[in-house]
Amino acid sequence: MNILNMYSSLNGQTEKVAFEIEKAVIEAGFAVTTVNVKNQDDVIDLLAYDLTFIGSGVYTWLPGKTMLKWIEKQMDYARKNDLILPGSPRIPGKFACVYCTYAGPHTGEGEAIPAIKYMGQLFEHLGITVADEWSIVGAFIPEKMRHFNNCGRLGNIVGRPNTEDLRQVREKTKGVIDYLQLSVPVK
Ligand SMILES: Cc1cc2nc3c(=O)[nH]c(=O)nc-3n(C[C@H](O)[C@H](O)[C@H](O)COP(=O)(O)O)c2cc1C
């Protein structure tokens with residue numbers, strides 16, 4: 001399986017998750033290309049990968065600006081190259097796992113879901129099946145926003161994602177890979 005691991009991270013929270021995914025993929029015996037979207041100037045051929053992990057921090061219920069801009073660029077490329085067909089038929093053997101890190105200070109997980117769905121639509125439009133969606137708690141990092149870390153809808157989220165959150169990311173990464181190995185003939 002060709003595996004891509006894309007992420008965007010303003011304050012390093014999503015990067016922690018992306019690095020755990022990278023470790024888990026390697027432990028599962030596959031090669032992985034990890035890309036920080038802020039360093040990605042060119043369009044990526046997403047159909048060249050059997051599985052793409054994609055993640056971002058949540059900013060006003062959506063992925064951050066860097067991720068939004070990258071998605072726009074990918075969509076422009078896809079439209080110009082007729083990659084988006086009516087009905088977006090599914091391409092066998094092509095999958096994505098979409099996640100975000102979020103603090104949910106006001107409405108909890110409701111703030112994470114639009115961001116995950118937004119990123120997932122890029123893949124669904126191309127015919128790539130979203131195999132899994134994860135929302136992972138990520139505390140506010142900027143000093144002036146830290147008060148949100150123990151007064152929001154999720155309660156005390158100081159230090160998240162913590163060791164246990166990251167252990168779960170590794171387990172779920174392996175779970176997705178196992179599931180796909182059952183669904184996709186490995187090349
Ligand atoms: C300026 C700012 C705005 C944020 N807005 C939201 C928000 O609307 N909803 C939410 O759940 N979390 C929000 N967060 C929390 C981040 O989504 C969370 O800390 C995330 O883990 C950051 O990931 P990153 O450092 O990888 O970008 C915000 C954080 C900052 C710094």
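In which loop does Pro161 lie? I located Pro161 in the loop between β6 (129-137) and α4.

**Basis.** I worked from a predicted model, in which local features need pLDDT of at least 70 and side-chain atom pairs count only at pLDDT 80 or more, while totals for chains, interfaces and linings use all residues. Residues are numbered from 1 along each chain as its sequence is written, and side-chain values use heavy atoms, with hydrogens and water left out.

**Backbone.** I noted that the peptide bond from Arg160 to Pro161 is cis, its omega being near 0 degrees. I then looked up phi at two residues. Trp61, which is not a glycine, has a positive phi near 70 degrees, and its place is in the loop between β3 and β4 (62-63). Asp82, likewise not a glycine, has a positive phi of about 55 degrees; Asp82 lies in the loop between α2 (65-80) and β5. For reference, most residues other than glycine have a negative phi, and most peptide bonds are trans.

**Ligand shell.** I found 22 residues around the ligand, the closest being Ser9, Thr14, Tyr59, Thr101 and Glu111; a residue counts as near if one of its heavy atoms lies within 4 Å. By class, the shell divides into 11 nonpolar, 10 polar and one charged. In this scheme Ala, Val, Leu, Ile, Met, Phe, Trp, Tyr, Cys and Pro are nonpolar, Asp, Glu, Lys and Arg are charged, and the others, Gly among them, are polar. The elements α1 (13-27), β3 (51-59) and β5 (95-102) each supply at least two shell residues, and β3 gives the most, with three.

I checked polar contacts (N or O pairs within 3.5 Å). A side-chain N or O atom of Glu111 is 2.6 Å from a nitrogen atom of the ligand. The ligand alone exposes 640 Å², of which the protein buries 88% (Shrake-Rupley method, 1.4 Å probe).

**Aromatic pairs.** I searched the whole structure and recorded five aromatic pairs (ring centres within 6.5 Å; planes under 30 degrees apart are stacked, over 60 edge-to-face, the rest tilted). Phe95 and Tyr179 have ring centres 6.4 Å apart and planes at 70 degrees, so this pair is edge-to-face. Phe95 lies in strand β5 and Tyr179 in helix α4 (residues 163-183), so the pair ties together parts that are 84 residues apart in sequence.

Conventions. A polar contact is a pair of N or O atoms within 3.5 Å; within protein, one must be able to donate a hydrogen and the other to accept it, and residues adjacent in sequence count only if both atoms are side-chain atoms. Helices (H or I, at least four residues) and strands (E, at least two) are DSSP runs, numbered from the N terminus. Rings of Phe, Tyr and Trp (its six-membered ring) pair if their centres lie within 6.5 Å; planes under 30 degrees apart count as stacked, over 60 as edge-to-face and the rest as tilted.
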